Amino acid sequence: MKTVTGFASATIGNVACGFDVLGFAIKEPGDEVILTLHEESSSESPVSIKTIHGDGGALPRDPKKNTSSFVVLKFLEYLRNHKGIDFQGHIDLELKKNLPLSSGMGSSAASAAAALIAANELLGGPCTKMELVHFAIEGERVACGSAHADNAAPAMLGNFILIRSYNPLDLITIPPPDQLYCTLAHPHIELRTAYARSVLPRSISLKTATEQWGNVGALISGLLTSDYELIGRALVDVIAEPKRATLIPGFYQVKEAALGAGALGCSIAGSGPSIFAFSSSAATAEKAGTAMRNAFLDIDEHLEADIWVSPVCREGARIL
Ligand SMILES: Nc1ncnc2c1ncn2[C@@H]1O[C@H](COP(=O)(O)OP(=O)(O)OP(=O)(O)O)[C@@H](O)[C@H]1O
Ligand SMILES: N[C@@H](CCO)C(=O)O
């Protein structure tokens, strides 16, 4: 019997202008997955879910429906079909669900990446992280019906990840500027990614597209040259934010509060309801966090919010 624990942290998809093509990881919080290998197979499925802590019973226990176990099944299938490794044993999975569900914090992707890094270690490291990313992305289809990679890829690889192409998958790693800090505010409401995607326009005008890709290019340039002022200027989303803002009570008040506290820019984290801001120092990021929390409390709905301040995580999913 061998046991391995994997960890993967929260991620923020889109980063304002990069809908479905840009995301980054923060250091904490994150999900933990503990895998135990038994040499003998003991049930029909090679992977079973033993326990899930912290989800209040909300997550599926069926191994084909939970992203953590689903991606391990995909990984085992890949080993059999592409590496000549026919796994005959059984894996028990325990999930410590530390990330809130339907939060915009990449909760489903964190479970998947933590499970994959642990499974790969458990079986002696047959795959690279770049190979594992493919299965983590497939997990997103199970979670919300769309295999977007902007949470799964940074959850596995860390840093900022730009998805230049989905087919074939072409991921570009962009290391963060040293003084870039993220403030993440998670109001205590849920917003399902599938629903937040359904409110988006099916097509956009050339004018809107031009504005958006100008900002994506500028944001990448700002990150690569540590131009904080440019990063702030480029955090503009004219496609998803205007549609999704109405799903998040107090969005514009919280954004204004973050900017008023000195943040470089602020937008929806992934599909929401969480909101992120960037700052060029830890002190400003803390100040922005306090302002964002107070702004959520001040709206009519008086929403409580959890706040995290973190630099970008460079490491990605790891073994604990
Ligand atoms: N291990 C898992 N962790 C979280 N959600 C899971 C997991 N496995 C399956 N799911 C399903 O995924 C859905 C949550 O996905 P959703 O994309 O809304 O939240 P999220 O992961 O916080 O998303 P995001 O941060 O990308 O907006 C739930 O319906 C849940 O049943
Ligand atoms: N890019 C995805 C991220 C989900 O967290 C979306 O905006 O729907």
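In this predicted model, Asp20 is found in the loop between strands β1 (2–13) and β2. Asp20 has a positive phi of about 65° although it is not a glycine, and Asp20 is also among the residues that come nearest to ligand 2. The protein chain is assigned two domains, domain 1 (2–175) and domain 2 (181–311).

- The centres of domain 1 and domain 2, taken over C-alpha atoms, are separated by 25 Å.
- Contact between the domains involves 27 residues of domain 1 and 35 residues of domain 2.
- On the side of domain 1 that touches domain 2, strands β1, β2 and β5 each supply at least two residues.
- Strand β2 gives the most to this side of domain 1, with five residues.
- By class, the side of domain 1 that touches domain 2 has 15 nonpolar, ten polar and two charged residues.

**Ligand 1**

- Ligand 1 is surrounded by 22 residues, of which the closest are Ser107, Ser108, Ser111, Ala143 and Thr193.
- Helices α1 (67–82), α2 (107–122) and α3 (129–144) each contribute at least two residues to the shell around ligand 1.
- The largest share of that shell, three residues, comes from α2.
- Sorted by class, the shell around ligand 1 has 15 polar, six nonpolar and one charged residues.

**Ligand 2**

- Ligand 2 also lies between the domains, because domain 1 and domain 2 both give residues to the shell around ligand 2.
- There are 15 residues around ligand 2, and Gly13, Asp20, His148, Gly270 and Ser271 come nearest.
- Which helix gives the most to the shell around ligand 2? Helix α5 (residues 193–198) does, with three residues.
- By class, the shell around ligand 2 has nine polar, three nonpolar and three charged residues.

**Positive phi values**

- Most residues other than glycine have a negative phi.
- Asp20, with its positive phi of about 65°, has 15 C-beta neighbours inside 10 Å and therefore counts as partly exposed.
- Asn159 is another residue other than glycine with a positive phi, here near 65°.
- The place of Asn159 is the loop between helix α4 (152–157) and strand β5 (160–166).
- Is Asn159 buried or exposed? Asn159 counts as buried, because 21 C-beta neighbours lie inside 10 Å, and the cut-off for a buried residue is 20 or more.

**Cis peptide bonds**

- Most peptide bonds are trans.
- Glu28 and Pro29 are joined by a cis peptide bond, with omega about 0°.
- Pro29 is placed in strand β2 (residues 22–38), the strand that gives the most to the side of domain 1 touching domain 2.
- A cis bond also runs from Gly272 to Pro273, where omega is near 5°.
- Pro273 is placed in the loop between strands β8 (265–268) and β9 (275–279).

How values were computed:
Residues numbered from 1 in each chain as written. Chains lettered and ligands numbered in written order. Predicted model: local features only at pLDDT ≥ 70, side-chain atom pairs only at ≥ 80, totals over all residues. Near = placed C-beta within 6 Å. Helix = DSSP H or I, 4+ residues; strand = E, 2+ residues; numbered from the N terminus. Nonpolar A, V, L, I, M, F, W, Y, C, P; charged D, E, K, R; others polar. Buried ≥ 20, exposed ≤ 12 C-beta atoms within 10 Å, placed from the backbone. Domains from an automatic or database assignment. Contact = placed C-beta atoms within 7 Å.
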